[in-house]
Amino acid sequence: MLIIKRLAATVWLLACFAVAFSQMVVKISGTVRDEAGQPVPYANVYIKGTMDGASTMVDGTFGFPTSGTGMMTLEVSSVGYVTYSVTREALNMDNLQIFLKPQTNNLDEVVIYAGNYSLKNSSTINKTKAVELLSTAGSNGDLFKAISMLPGMQAPDRDGRLLVRGGSSRESQTYIDDMHVLSPYTASFGDVGSRGRYAPQLFEGISFSLGGYVPEYSQGLSAVLPLYTRDEANVTKVGVDVMNVSLGSSGTIPWHNGSSSYNLTYTDMTLYNELFFPSLKSKWRRPYRQIGLQNQFRFTFGKDTYLKSYLAYSKAGFVLLSADPFSAATRNMELSDDDLYINTTFRKKLDSGASYFFGAAYSSNRQNIENARTMNDSYFTKEREIHLKSKADKRFSDFYKITAGVETFFKRYQFHYSDTTLFDIGFNHGIGGAFISNDFGLAKNLMLNISARMEYTSLSEQWQLLPRIALGYRWRDLTFSGVLGKYQQNADNEVLIYTPDLLPETNVQALVGIYYERENRIFRLEAYHKKYDHLPLLSEDISPFLHYNSEGRGYSRGIDLFFNDTRFLEHWEYMLAYSYNDSRRQYLDFPCRDIPPFAMRHNASATLKYSNFSIRSIISVSNRFASGRYYHDPNREGFMNGRTPNYNSLDASWVYLANKRTIIYLGFSNILNQQNIYGYTFNDKRTLNDRYESHPLTQQINQSFYIGCFISLGKNAAYNVSNFY
């Protein structure tokens, strides 16, 4: 009850920011039809730069009030049609007759769907807008948590990182403007989870590929997440956000041929712990604090010529009272994390249809933990990476397009651990790659892609050919797709410090899918099989240090189902996702092939969203379910012979569009306060009854509350209503 009272008080204080001024109301109305004169239902109609808008009815009509005056721009968008816009006086926006033109089907718009959630212009889940993800219950402003609701995703582990189709979190890679990101998550340790480092609002497009991705991307066995920043920004924006865990500011300043955008955030969990979890106060010697800065410069040099530079820096740390669950001894664990990411890209498109791209990126992550495992020990890692890339593409006709490029990675890793002894090691290595991709339009709505990547790794001193073939066919509202490809990734650094000359891990993926899309409904069915080879396996050799070989093997196979209906009732949308996964591998210290702890057999999620702009609200409820995780119990016969209770989390969120310059956000995770268990740790000594005592692995807190107010300080609205449709 105390928490509810404090929550209500906080909401009331934030609501004080939401003051709207009454103005003259103008009626906007009309009808939207296609070129044949048929009505276009469920089209999005909105006044650009405001919160005023609506969807067309079944007969194509629309109508809504606006308090705007003077010249304004009305935009109309619908799946399969070219976006329409008209600019005129507000008083002349009544009884409009709007005709939408169909999109021309060409090679750029016919895509291979399998495993891909960036479906180009022909899909309602085209590069997903950040606000659409973040208005989903359970995301709490974190891009990775929002993505984890998609099919093929497994319930996150304690660290909160993405788990895709039976793969570990390190098998998913993140790219910003096609340049690799070394460390996309904030620091985590034990029962303290991590979040994404980067503010979603800085990105124009969010794609996600769960396998079968193009050979341009390297070092990902299960998934890639390419994020794309805006090429141009022509509107001055300055805003602040006040949350119960952070303070921030973001904005954009344009000029004649360029612009600059920034996002500055300071996070401090002190007040949050005091209000909602006072029982934890004694555990935090210094609560989690982080300062983060992101900045981007954009320059336009003529038509379709862009130079962009992106910088992100974050520094975080905390001091936490930690204890061995089987001992009364405690220690103050002190963690500090510094992360820097910089990239610069240049892209130009020629009138001939050719385009080329150059990019360079630098990443650095430094983490230091004092009293990490025992009193007075020290754990230190530092990782650096330089990524250089060049590519070009050319369409020779409507039926053939080629993309080719080269890239290289220079990497450095340092590891230091000391307690009674000292372990200090570091190594440099490089990765070189060349890739080519050929798109063929074999017939109308039939596309073939044949591509390959050649990759050299200096650690193993070997070249590897990584081919890929994909086929997609669209028939009416159905699309059939299939992908077969080979991918590789270096072993984890914590393994390479013992055996640096391991072969890269490889994965041969086969994916097939059927997709149905019509008006406001999407159905996806995908089946996949992944065969792992050259996984690191602990050798049986007797030596003072650990030694691994590349003889580990495994597989992961399953089925994903997805159904999304955005207009099953007026204002209502729902999304259902289910994934079945069968995964086994022999790797690390596994004595036989068995189920890894991060692979759950059944995963399901359901999201219900209510968007009603007459009451200025987006309300979302979601539930995430997963069957138990497998773990090894030394008290029982066999290996990986235990399973945790099922995972479940019921979440809710409310986005209130208070006025043109104010948004209020409330998020509540795990409403039922379920104690989710991620595994067990066991005492290495037997008790008097000849058993090993166990302790559950959980998160420090079961629930989370996020309350925030986002305010635009400039003349422009804080958001565009089109982002919410």
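Reader: With which residue does Arg-686 form a salt bridge, and how far apart are the closest N and O atoms?

Author: This is a predicted model, in which local features need pLDDT of at least 70 and side-chain atom pairs count only at pLDDT 80 or more, while totals for chains, interfaces and linings use all residues. Residues are numbered from 1 along each chain as its sequence is written, and side-chain values use heavy atoms, with hydrogens and water left out.

The partner of Arg-686 is Asp-690, with 3.4 Å between the closest N and O atoms of this salt bridge (a side-chain nitrogen of Lys or Arg within 4 Å of a carboxyl oxygen of Asp or Glu). Arg-686 has a relative accessible area of 46% and is therefore partly exposed, a class that lies between buried, under 20%, and exposed, over 50%, as judged with a 1.4 Å probe on protein chains only. Other salt bridges join Arg-165, Arg-524, Glu-526 and Asp-560 into one network through shared partners.

Among the 29 salt bridges of the structure is the pair Glu-385 and Lys-411, whose side chains meet at 2.4 Å, N to O. Glu-385 belongs to strand S21 (residues 378-397) and Lys-411 to strand S22 (residues 400-418), so that distant parts of the chain, 26 residues apart, are linked; strands here are DSSP runs of E, at least two residues, numbered from the N terminus. Both Glu-385 and Lys-411 are buried.

Arg-553 and Asp-533 also meet through their side chains in a salt bridge, at 3.0 Å, N to O. Because Arg-553 lies in strand S29 (residues 548-569) and Asp-533 in strand S28 (residues 521-538), this pair ties together parts 20 residues apart in sequence. Arg-553 counts as partly exposed because its relative accessibility is 30%, whereas Asp-533, at 15%, counts as buried.

Key:
Helices (H or I, at least four residues) and strands (E, at least two) are DSSP runs, numbered from the N terminus.
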